[in-house]
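Colleague: I would like a close look at one part of this model, with the terms spelled out as you go.
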Amino acid sequence: MNREKAYDHHLRVIGQALEAKGIDVFELEHRGDRYIVNGKPARTPSLIAKLRDWRERMLGESTASSIIYSRADIERLEREGRAKRRKADRLPDFYSLSNTMRTLGFYLDSKDAELLRIQKRALTVTLLYQSKDGHPEVEEQSIASFYNLFLSLYDKRRKAAQG
């Protein structure tokens, strides 16, 4: 497997950044060494924000914005995140975006797949990737369907940290 990809690592870091922005429903596209995310914060906007969005729509201005993460951005975010990380001997929350994204990344890495796009919704995820045979593949699954994989990854990391 090409460890240059390291989707488990990259997607976890991006998940942490999106959590900080309150973005939970989004589309992520992988192009070269960049990840492009289109999404909006899930929280209910204020009346002023709703009026601003309405005004922009009426003027034909797009309210959607893209966030681009380069390899350098991911490395910087990883360093910042490492400084904040706590060492706790407890099972992390699978449904936190960073853990869900790490699990999806590991899933792609284990298939030796080339990530093309992820569409993350509240309860489901659609993965578009190129298989190691070069064929495009699309999978739509519930997020919960990755829970057992998450548990096995956590167990491996826990055992590696102990010995």
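Predicted model: local features only at pLDDT ≥ 70, side-chain atom pairs only at ≥ 80, totals over all residues.

Modeller: Residues are numbered from 1 along each chain as its sequence is written, and side-chain values use heavy atoms, with hydrogens and water left out.

Aspartate 112 lies in the loop between H4 and strand E4 (114–120), where helices (H or I, at least four residues) and strands (E, at least two) are DSSP runs numbered from the N terminus. The phi of aspartate 112 is near 55 degrees, which is a positive value in a residue other than glycine. Most residues other than glycine have a negative phi. Aspartate 112 counts as partly exposed at 28% relative accessibility; buried means under 20% relative accessible area, exposed over 50%, and partly exposed in between, with a 1.4 Å probe and protein chains only.

As for the aromatic residues, a search of the whole structure finds five aromatic pairs, a pair being two rings of Phe, Tyr or Trp (its six-membered ring) with centres within 6.5 Å, called stacked if the planes are under 30 degrees apart, edge-to-face if over 60, and tilted for the rest. One of them joins tyrosine 107 and phenylalanine 146, whose ring centres are 5.2 Å apart and whose planes stand at 80 degrees, so this pair is edge-to-face. That pair links distant parts of the chain, since tyrosine 107 belongs to helix H4 (residues 97–110) and phenylalanine 146 to the loop between strand E6 (136–142) and helix H5 (147–162), 39 residues apart. Tyrosine 107 is buried, with a relative accessible area of 16%, and phenylalanine 146 counts as buried too, at 4%.

A tilted pair is formed by tyrosine 147 and phenylalanine 150, with 5.9 Å from centre to centre and 35 degrees between the planes. Because tyrosine 147 and phenylalanine 150 are three residues apart in helix H5, about one helical turn separates them. Tyrosine 147 is partly exposed, with a relative accessible area of 30%, whereas phenylalanine 150 is buried, with 2%. Tyr147 and Phe150 also belong, with Phe94 and Tyr95, to one aromatic cluster.
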